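Please consult the sequence and model alongside the text.

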Amino acid sequence: MASVTVRNVTKSYSGFEVIHGIDLAIEDGSFVVLLGPSGCGKSTLLRMIAGLEAISSGEIAIGNRVVNDLHPKDRDIAMVFQNYALYAHMTAFDNIAFSMQLKKLPQAEIRQKVEWAASILGLTDYLDRYPRQLSGGQRQRIAMGRAIVRDPAVFLFDEPLSNLDAKLRVQMRTEIKELHQRLSTTTIYVTHDQIEAMTMADVIAILRDGRIEQVGRPLAVYDKPANLFVAEFIGSPGINLMPGEIGSVNGSPVVRSGEIALPLPPALGLQAGRKVVYGVRPEHLRLVTDGAGVPATVSVVEPTGPEIHIYADIAGKEVCAVTKDRLAIDPGAKLQLAPLLDRVLLFDQETGKAIGR
């Protein structure tokens with residue numbers, strides 16, 4: 001196992017910079033997810049750590065060793081790709097054993113390691129099969145097995161679940177997390193799926209346009225996003241955002257957004273007239289009947305099973321509220337929505353940065 005340290009790393013293509021001075025410290029044994037939209041630079045950063053892309057400037061260290069000029073095979077890493085990258089003419093056993101066979105390790109040692117990896121990944125009964133005879137999930141397990149037997153200091157995963165169906169993705173992300181808990185090997189995992197990131201990571205690093213926007217534990221990032229980008233990117237259904245300005249009603253602070261007044265927790269000490277964006281997540285909007293909420297008109301109701309998503313119009317702005325109650329609500333219904341004041345988020349309109357974080 002080893003820590004990974006990225007210090008002021010940049011990457012340019014033909015003079016065009018796509019990674020802008022990234023700093024990231026990954027602790028030994030942690031599971032870190034690089035999360036962001038397509039084109040944000042997360043896979044490029046992973047490939048630079050792996051040595052598959054040269055860095056333009058800066059420094060990457062694995063453990064106490066700077067690896068800028070080391071070949072990928074000398075960095076003590078193992079990588080699992082999105083497309084499995086299996087040899088079609090080899091059995092599952094030989095695919096897993098390939099790196100050890102290249103090193104000409106004793107056959108008894110190879111078999112022992114392959115069978116150990118297969119037992120962890122549930123592949124024991126499939127070692128004699130070829131990739132074409134296996135499901136997508138089984139093929140991905142073979143790719144993981146090939147990485148495991150290398151006993152690397154760092155595992156690198158580049159969107160390994162993108163080619164799987166939804167049910168299999170849920171199963172595989174649990175298996176990858178369990179594998180990490182069992183082996184405790186430092187793991188860096190790239191994805192654009194925020195559910196994967198939230199459920200698997202010890203730490204999430206959120207990227208946008210070649211820069212890191214926020215680094216933190218999943219629930220900390222969710223509850224206290226550093227800026228509007230992070231707040232919008234994390235969460236499904238997405239956060240409700242309404243622009244307005246600081247004001248007051250009967251001495252209580254509010255955000256005035258058009259014709260409505262959105263309540264704020266007391267003692268924020270914000271200057272009247274300051275332009276802000278008011279944010280509240282769907283699960284933090286309650287349906288109330290005592291007249292203390294904001295009037296809303298229901299537009300769409302989406303029952304998901306465990307929850308009901310209620311999309312409603314508030315003075316021309318669409319918001320979403322989530323409830324676990326089995327309510328009979330029809331489109332067009334009038335209701336009152338009240339935010340949990342201690343969960344309200346505020347952002348500066350000009351900079352997008354969180355206020356009072």
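## Annotated region and domains

Across residues 4–234 the chain is 37% helix and 26% strand, with the end C-alpha atoms 25 Å apart. Helices (H or I, at least four residues) and strands (E, at least two) are DSSP runs, numbered from the N terminus. UniProt places the feature "domain: ABC transporter" at these residues, 4–234, in an unreviewed entry; UniProt positions are given in the numbering used here, feature names are shortened, and annotations may be inferred rather than shown by experiment. The model is predicted: local features need pLDDT of at least 70 and side-chain atom pairs count only at pLDDT 80 or more, whereas totals for chains, interfaces and linings use all residues. Residues are numbered from 1 along each chain as its sequence is written, and side-chain values use heavy atoms, with hydrogens and water left out.

The domain assignment of the protein gives domain 1 (4–225) and domain 2 (240–355); such bounds come from an automatic or database domain assignment. The centres of domain 1 and domain 2, taken over C-alpha atoms, are separated by 40 Å.

## Overall organisation

The secondary structure of the protein comes to 8 helices and 20 strands. Along the principal axes, the C-alpha atoms fill a box of roughly 80 × 50 × 35 Å. Of the 357 residues in the protein, 48% are buried, where buried means under 20% relative accessible area, exposed over 50%, and partly exposed in between (1.4 Å probe, protein chains only). Among contacts with a separation of 6 or more, 65% are between residues 24 or more positions apart; a contact means heavy atoms within 4.5 Å.

A nonpolar core is a set of buried Ala, Val, Leu, Ile, Met, Phe, Trp, Tyr and Cys residues joined through side-chain atoms within 4.5 Å. The largest such core has 48 residues, and those with the most contacts inside it are L35, V114, M144, I176, Y189, I206 and I234. Helix 3 (residues 107–121) gives the largest share of this core, 6 residues. A second, separate core of 28 residues includes L45, V67, I77 and A205.

Apart from its neighbours within four places in sequence, V114 is in contact with F93, I96, A97, M100, L127 and V149. Helix 2 (residues 92–102) has as its buried residues A92, F93, N95, I96, A97, S99 and M100. These buried residues of helix 2 pack against helix 3 and helix 4 (136–148). E115 is also placed in helix 3 and is partly exposed, with a relative accessible area of 39%. E115 and R139 are 24 residues apart along the chain, and their C-alpha atoms are separated by 16 Å.

## Aromatic and charge–ring contacts

Rings of Phe, Tyr and Trp (its six-membered ring) pair if their centres lie within 6.5 Å; planes under 30 degrees apart count as stacked, over 60 as edge-to-face and the rest as tilted. By this rule there are 5 aromatic pairs. One of them joins F229 and F233 in a stacked arrangement, at 5.7 Å centre to centre and with 20 degrees between the planes. F229 and F233 are separated by about one helical turn because they are 4 residues apart in helix 8 (residues 228–233). F229 is buried at 15% relative accessibility, and F233 is buried with a relative accessible area of 19%. F31, F155, F157 and Y189 form one aromatic cluster.

A charge sits over a ring if NZ of Lys or CZ of Arg is within 6 Å of the ring centre and within 35 degrees of the ring normal. The charged end of R132 sits over the ring of Y130, 4.9 Å from its centre. R281 lies over the face of Y222, at 4.0 Å from the ring centre.

## Backbone exceptions

Most residues other than glycine have a negative phi, and most peptide bonds are trans. Y84 has a positive phi near 70 degrees; Y84 lies in the loop between strand 6 (77–80) and helix 2 and is buried at 10% relative accessibility. K104, which follows helix 2, has a positive phi near 60 degrees.

N250 has a positive phi near 55 degrees. The place of N250 is in the loop between strand 11 and strand 12 (252–257), and N250 is exposed at 80% relative accessibility. S236 and P237 are joined by a cis peptide bond, with omega about 0 degrees. P237 is in the loop between helix 8 and strand 11 (240–249).
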